[in-house]
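The terms are given with their cut-offs where they are first needed.

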Amino acid sequence: MSRTPPTSTALRVADLPQNADTPFSLRPDADRLRQIADELGLTTLRKLSFEGKLTALGKTDWRLEGRLGATVVQPCVVTLEPVMTRIDANITRLFVKDYIEPEEPEAEMPEDDASERLGTWIDPAVVMIEALALEVPEYPRAADAELGQAVYTEPGAAPMTDEDARPFAGLAQLREKLEDPKD
């Protein structure tokens, strides 16, 4: 086993104290923020911090608890205008020595999705990026963005709108007509 860490933020499990928490605080520099933004497909990653602690659970397992804070900018899915989102999330991961990976090619996710296999190293930066990827909105939308109605038809035919396609829209109009005594 190599004593050389794979990254500058990785912590060797064998060197972690069993009887005290190991705190960590990560604030990537501007170059690293640009790399992470590119990796996650963000327009900009303005701020990112991850602070927390590693705590021993018994003799072999570890709990990572941290607070993730970030400000991300993404294009709106409707208008492509920049959308800024503030992310504040509590993150927990359990590193378990006896973790068993499902062997089936397709398996149901267990309810405990915070557990993973304990290796030689625990890297809070890897957890930070993974947690950020999970917290970033999939479909960011500007506050005033509205999805317009697209109407397609072949030449010479009357276009059919979404309203026309609703199966009970005609019945509602008929009911209104029957209830209106003026007609």
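## Terms and basis

Contact means heavy atoms within 4.5 Å. Helices (H or I, at least four residues) and strands (E, at least two) are DSSP runs, numbered from the N terminus.

This is a predicted model, in which local features need pLDDT of at least 70 and side-chain atom pairs count only at pLDDT 80 or more, while totals for chains, interfaces and linings use all residues. Residues are numbered from 1 along each chain as its sequence is written, and side-chain values use heavy atoms, with hydrogens and water left out.

## Helix 1 and its cover

Helix 1 spans residues 30-40, and Leu-33, Ile-36 and Ala-37 in it are buried. Here buried means under 20% relative accessible area, exposed over 50%, and partly exposed in between (1.4 Å probe, protein chains only). The buried residues line one face of helix 1, because they fall within an arc of 100 degrees when seen down its axis; the arc is that of the directions from the helix axis to the C-beta atoms. An α-helix has 3.6 residues a turn, so residues three or four places apart point the same way.

The cover over the buried residues of helix 1 includes strand 3 (44-57) and helix 2 (124-135). Asp-38 and Glu-39 are exposed on the other side of helix 1. Just after the helix comes Gly-41, with a positive phi of about 75 degrees.

## Strand pairing

Two strands pair if DSSP finds at least two bridges between them. Strand 4 (residues 61-75) and strand 5 (residues 82-96) run antiparallel and are joined by 14 bridges. Within this pairing, Val-73 is opposite Met-84 in strand 5. The hairpin of strand 4 and strand 5 has six residues between the strands, and Leu-80 there takes a positive phi near 70 degrees.

Strand 5 also pairs with strand 6 (residues 115-117), in the parallel sense and over three bridges. Leu-94 has Ser-115 in strand 6 as its bridge partner.

## Salt bridges

A salt bridge is a side-chain nitrogen of Lys or Arg within 4 Å of a carboxyl oxygen of Asp or Glu. By this rule there are seven salt bridges. One of them joins the side chains of Arg-12 and Asp-15 at 3.3 Å, N to O. Arg-12 is buried at a relative accessible area of 13%, whereas Asp-15 is partly exposed at 46%.

Another salt bridge joins Lys-53 and Asp-21 at 3.6 Å, N to O. This pair links distant parts of the chain, 32 residues apart: Lys-53 is in strand 3, and Asp-21 is in the loop between strand 1 (11-12) and strand 2 (22-26). Lys-53 is partly exposed at 32% relative accessibility, and Asp-21 is partly exposed at 39%.

Glu-130 and Arg-93 meet at 2.9 Å, N to O. Glu-130 lies in helix 2 and Arg-93 in strand 5, so the pair ties together parts that are 37 residues apart in sequence. Glu-130 is partly exposed, with 36% relative accessibility, while Arg-93 is buried, with 9%.

## Surroundings of Thr-22

Thr-22 is part of strand 2 and counts as buried at 13% relative accessibility. Apart from neighbours within four places in sequence, Thr-22 is in contact with Leu-11, Leu-16, Pro-17, Gly-52, Lys-53 and Leu-54. Thr-22 and Leu-64 are 42 residues apart in sequence, with 9.4 Å between their C-alpha atoms.

## Nonpolar surface patch

Phe-168, Leu-171, Leu-174 and Leu-178 make a nonpolar surface patch of about 480 Å². Patches are made of residues with over 30% relative accessible area and no salt bridge; like charges are joined within 9 Å, nonpolar side chains (Val, Leu, Ile, Met, Phe, Trp, Tyr) within 5 Å. Accessible areas come from the Shrake-Rupley method with a 1.4 Å probe, and for residues only the protein chains shown count as cover. Leu-171 belongs to helix 4 (residues 169-179).
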